[in-house]
Amino acid sequence: MPLQDGINYQWSDGSDTVFTHWDAADEDDFILGDCVYMDVTGGWRRADCEMPLQGALCHVPPPKSNAFTTYEVVCPSTWVRFGASCYSFEPVVQRLTLEEAREHCKHKANTSEVLTIQTEMENRFVLEQLWSYGFPHQTVWLGMFFNTDTDSMAWFDGSPMDYSNWNFKAPDPSLLTADTCVSTRVSDGMWLLSQCTDRLGFVCKTNSDTIPEVEVAPLNGLHHGIVPAAVLVAMLIFAVLVAVLWFVYKRNMMRFRRLPSMGNAYYRHTSSQATDSDGNVLIADLEAHSGE
């Protein structure tokens, strides 16, 4: 896990930095270093990348199995990627009103807005990134406002309000005004009502440019079950087809064998009739001669 921008750490394989396990001694000693190692207790500690250690563990990531098409996420320099979005945590050390924070984010990137949170996984990611700054502020802005036209909370970037993290329950809309905004508490990620003119830290977020890459879906557990079943069905179809062809062949062969025997019977029957007829003629002649 190398140091990315002087403050944040990022996995060398590009994985999302959602889980961390820093050792308490590392926080107390303020040890600096651009790389991270794990001690015998499982805690993470900072160290210089050239520091020799007793060994290392190699990790081979499992094959992806959840998509036929993946996307290469492209983030601006010093921004942190999570999912299909990019985040700039540098402004968290500033103190601006919500409107000033929005202007600051738009200046950094045209499509950037103050932080929105759509899932619990994203909420955990944001919190762990903020914790790495040592709690510079107790709360930071969320890109949310009270929409007086609909009497409901809404995100500035138009994202759906499918996820929330209020402390107890969502606030009563009848008690809200146009100057009501929302912040998130850095210690636990709970959402709080704030005045839009308060001066708080903030995080900028943008949906990154994505470049689609077509890939063949790997053989996961589901495919491993489908392939043998497909082979078995193909073998059964082939066996049925062979049986039908064999039956048709045997049936035709029996017909071909019967034709000569029927002809012989016909000729024998005709010959027999001729013999009887000849016999009748001879007897009639004999009787005629006897009468003379």
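**Reading the side-chain features**

A: V244 is partly exposed, with a relative accessible area of 44%. This residue belongs to helix 4, which spans residues 221-291. Please keep in mind throughout that the model is predicted.

Q: Which residues form a nonpolar patch on the surface with V244?

A: The patch consists of V240, V244, F247 and V248, and together these residues have about 370 Å² of accessible area. V244 qualifies on exposure because patch members need over 30% relative accessible area, and its value is 44%.

Q: How is a pair of aromatic rings described?

A: Two quantities are used: the distance of the centres and the angle of the planes. A search of the whole structure finds 10 aromatic pairs. One of them joins Y163 and W191, with 5.9 Å centre to centre and 80° between the planes, an edge-to-face arrangement.

Q: Which parts of the chain does the pair of Y163 and W191 tie together?

A: Y163 lies in the loop between strand 8 (152-155) and strand 9 (180-185), while W191 is in strand 10 (residues 191-195), so the pair ties together parts that are 28 residues apart in sequence. Y163 is buried at a relative accessible area of 13%, and W191 is buried at 1%.

Q: What is the geometry of the aromatic pair that W166 and W191 form?

A: That pair is edge-to-face as well, with 5.6 Å centre to centre and 80° between the planes. Since W166 lies in the loop between strand 8 and strand 9 and W191 in strand 10, the pair ties together parts that are 25 residues apart in sequence. W166 is buried, its relative accessible area being 13%. Elsewhere, F82, Y87, F89 and F125 form one aromatic cluster.

Q: How many salt bridges are there, and where do K108 and E90 lie?

A: A salt bridge requires a side-chain nitrogen of Lys or Arg within 4 Å of a carboxyl oxygen of Asp or Glu; the count comes to 6 salt bridges. In the bridge of K108 with E90, the closest N and O atoms are 3.7 Å apart. K108 lies in helix 2 (residues 98-108) and E90 in the loop between strand 5 (85-88) and helix 2, so this pair ties together parts that are 18 residues apart in sequence. Both residues are partly exposed, K108 at 32% and E90 at 36%.

Q: Which residue forms a salt bridge with R199?

A: The partner is E100, with the closest N and O atoms 3.0 Å apart. This pair links distant parts of the chain, as R199 is in the loop between strand 10 and strand 11 (204-207) and E100 is in helix 2, 99 residues apart. R199 is partly exposed at 43% relative accessible area, and E100 is partly exposed at 31%.

Q: Are E113 and R102 buried or exposed?

A: Both are buried. They form a salt bridge whose closest N and O atoms are 2.5 Å apart. E113 is in strand 6 (residues 113-114) and R102 in helix 2, 11 residues apart. R102, K106 and E113 are linked in a network of salt bridges. The charged end of R102 also sits over the ring of F156, 3.8 Å from its centre.

Q: Which backbone atom lies 2.9 Å from a polar atom of the side chain of N147?

A: The backbone nitrogen of D149 lies at that distance. N147 is located in strand 7 (residues 139-147) and counts as buried at 18% relative accessibility.

Methods. Residues are numbered from 1 along each chain as its sequence is written. This is a predicted model: local features need pLDDT of at least 70, side-chain atom pairs count only at pLDDT 80 or more; totals for chains, interfaces and linings use all residues. Side-chain values use heavy atoms; hydrogens and water are left out. Patches are made of residues with over 30% relative accessible area and no salt bridge: like charges are joined within 9 Å, nonpolar side chains (Val, Leu, Ile, Met, Phe, Trp, Tyr) within 5 Å. Accessible areas come from the Shrake-Rupley method with a 1.4 Å probe; for residues, only the protein chains shown count as cover. Helices (H or I, at least four residues) and strands (E, at least two) are DSSP runs, numbered from the N terminus. Buried means under 20% relative accessible area, exposed over 50%, partly exposed in between (1.4 Å probe, protein chains only). Rings of Phe, Tyr and Trp (its six-membered ring) pair if their centres lie within 6.5 Å; planes under 30 degrees apart count as stacked, over 60 as edge-to-face and the rest as tilted. A charge sits over a ring if NZ of Lys or CZ of Arg is within 6 Å of the ring centre and within 35 degrees of the ring normal. A polar contact is a pair of N or O atoms within 3.5 Å; within protein, one must be able to donate a hydrogen and the other to accept it, and residues adjacent in sequence count only if both atoms are side-chain atoms.
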